[in-house]
Amino acid sequence: MTIALNNPVKYLRGVGPQRAATLEERGISTVGDLLGYLPFRYEDRIRFTPIAEIVPGQVHTILAEVTSGGGSTVRFRRGRAGVFHVTVRDDSGPLHARFFHGAYLEGRLKEGQRLVMHGKADVDAYRPGRIEMVNPQIEIVSANDEGPGDSTEVGRIVPIYEAIGSISSRMLRRIIYGILGDFDGNVPDVLPEEIRQRYRFPARREALLYTHFPPKDESIELLNTFRSPAQTRLIFDEFFYYQLALALRRLREHRQQGITMRVREDKVREALKRILPFKPTAAQKKVLAEIAADLERPYPMHRLLEGDVGSGKTIVALEAATIVIENGYQVALMAPTEILAAQHFLSARRIFQAAGYGVDLIVSGRKRAEREAVLARVESGETKLLVGTHALIEDSVKFAKLGLAIVDEQHRFGVLQRKRLIDKGASPHVLVMTATPIPRTLALTLYGDLDLSVIDELPPGRTPIETRWASETQLAGVWEFLRREVASGRQGFVLYPVIEESKQELKAATAEYERLAKLVFPKLRVGLLHGRLKNEEKDAVMERFRRAEVDILVATTVIEVGVDVPNATVMVIEHAERFGLAQLHQLRGRIGRGKEKSHCILVAPKTIAGEARERIETMVATSNGFEIAERDLKLRGPGEFFGTRQHGDAAFAFAQPLRDHELLEFARREAFALAENPARADELVARLESVSPAWRKRYQLAAVG
Ligand code: ADP
Ligand code: MG
């Protein structure tokens, strides 16, 4: 009997009902799904390293036998910390290995058993001169694994899979190897032949089989860096189809009738000049020119404006708004928090006053009459710019003529929220802004359908922020420093991770506010801001801070995004180890906005280790948002980095935009070129959907986004 891609896994040799259920939970129900589950690493088990030739500091794979370590009994010592020791030997000599949390190995490893061990060798810290492996990967191999020919375990390059529940890498390997023997070899290949040849890709069938069981002469280095021809082909496929979805979507948008704005008229130019409170930076000018060019086109703009915190995105947005308003249309500006929406409202009103544009604010929980009046003005067209939170997308908000939708800090919104805002107009122009500087490759995957503008310079006259790491014991000095800054006319923030005290033993904003106001800064004006205050209270305290009637603002992360008070020069963050890197950078972005030198003090124990330590050290080392974003991505990976709300990452099973960015660029180029020929693109999509009904669903994000 031959096996085909659409066969259910449950009838495969080695699977059975229980394992089938486990696989099903992972979304693996057919042979095709299982073949789509690819190894994450390979071991060269053709040429094992003889133990005597192991080099400390390097990764080796060895084949050895469990020994008693010299005595007559098998001595598996379990140390006090649950460390499990074992000694193995091959013809060339013995090797010691240690396993932390190795209790599970008790009784599983027996004398005489043969093991493949893979890991980094090191000099034993307690017995210099002895080499050991700590927490190596191990796999027990039995005698019949070593027979000539088709062993799955040794004598070949062996694929290592991530275990699925109780199904180990070894079991997966056997199940998949079992398929290959009877496989009918029918793997549809949709990629256009000329692309395949251009990159000398193997056929998809070959790519799939070789990725699971590479030929003996394949380079282990290429395999482990995901650069073998077979892997390259599979990665390219994922990117290509995703980019194709983006390209087709963009094409659809370009066929849409947009609102063509007139930009070159004198009254528009004059209006633009009138609103500018300062000389724009070169980067701001360049970006505005890009936006203006979009607005003149017959189809709607879809542009992402990226710029580090404080780079001056708001004024660019207001300039774009000016063009649209002068053309007789309305503008919506959506921000993720009420504080930020209120701030945008205030600065837009100030700036637009001279031009006589009506500006309104809509957030939830305001007085009914006030709200109805705003809604009426928006519907009549009297309001030219409506600023708001997600309250903007409620059904009751109806625009007379929405020409431009702007989303600030857009990573805080879901795809559908963005879409609902856009749907309030008839194909309005769309500008989304973010202070998360996304590396270009990721921007391509995530927002591949958007044009990208980057503000890569800060307004002049900013002094770099000095960032320090202080421990709890140095707090008295920190408060003294803050007192001095206030004495010379400046203001500061003190940040806490939680609003109220809880079992976590974290300092909380409310309790610390009381303490700081009464005991530490009795002579200063201390304010409190957190998410559970009523809107009016939030507005009031923010307003007092803005007017410098509050010296020190004790707050939670509600002030994380956007808040702009140039006179604030100190940011103290307690429990800094609790915050993510992007968040710390955003919080620090609240200061350093004026001419005076600003100081960020991260309070965290000096003993912290691992990622928390790296985060703080990164913050101290650099204030460059792009560097920080790269670092953050490396620490957390794209999934975590962007949260679960929206990221292209989920669209890929195997490809990784950061690791594979070159392939991504190629795939994008090819997909967009192919989409230039709509008939061919449609034909390809039809074939794709026939071989992979899941395609649409999988790339829904790209298609709906
Ligand atoms: P972000 O990009 O983080 O949204 P903002 O738009 O809030 O930054 O701008 C940060 C600060 O820089 C604001 O106080 C703004 O008035 C000021 N600013 C923006 N552009 C310029 C400029 N060209 N020259 C001087 N100050 C500027
Ligand atoms: Mg902003």
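Start at Leu12: setting aside neighbours within four places in sequence, Leu12 is in contact with Ile3, Val31, Leu34, Ile175 and Ile179, where contact means heavy atoms within 4.5 Å. Keep in mind that this is a predicted model, with local features needing pLDDT of at least 70, side-chain atom pairs counting only at pLDDT 80 or more, and totals for chains, interfaces and linings using all residues. Residues are numbered from 1 along each chain as its sequence is written, and side-chain values use heavy atoms, leaving out hydrogens and water.

Leu12 also shows up in the largest nonpolar core, which has 56 residues; Leu12, Leu23, Leu34 and Phe240 have the most contacts inside it. A nonpolar core here is a set of buried Ala, Val, Leu, Ile, Met, Phe, Trp, Tyr and Cys residues joined through side-chain atoms within 4.5 Å, with buried meaning under 20% relative accessible area (1.4 Å probe, protein chains only). Among the elements giving two or more residues to this core are H1 (16–25), H3 (169–182) and H22 (678–691). The largest share, 12 residues, comes from H7. Helices are DSSP runs (H or I, at least four residues), numbered from the N terminus.

There's a second, separate core of 43 residues, and Ala292 is one of its members. Ala292 of H9 also takes part in a helix contact, alongside residues including Leu288 and Ile291 of H9, and Ile315 and Ala320 of H10. How do H9 and H10 pack? Their angle is about 30 degrees, with axes 10 Å apart. That makes H9 roughly parallel to H10, a label for angles under 35 degrees.

Note on methods. Chains lettered and ligands numbered in written order. Axes fitted to C-alpha atoms, helices over the stretch in contact; angles between N-to-C directions. Parallel < 35°, antiparallel > 145°, perpendicular 65-115°, else oblique. Buried < 20%, exposed > 50% of the residue type's maximum accessible area, 1.4 Å probe, protein only.
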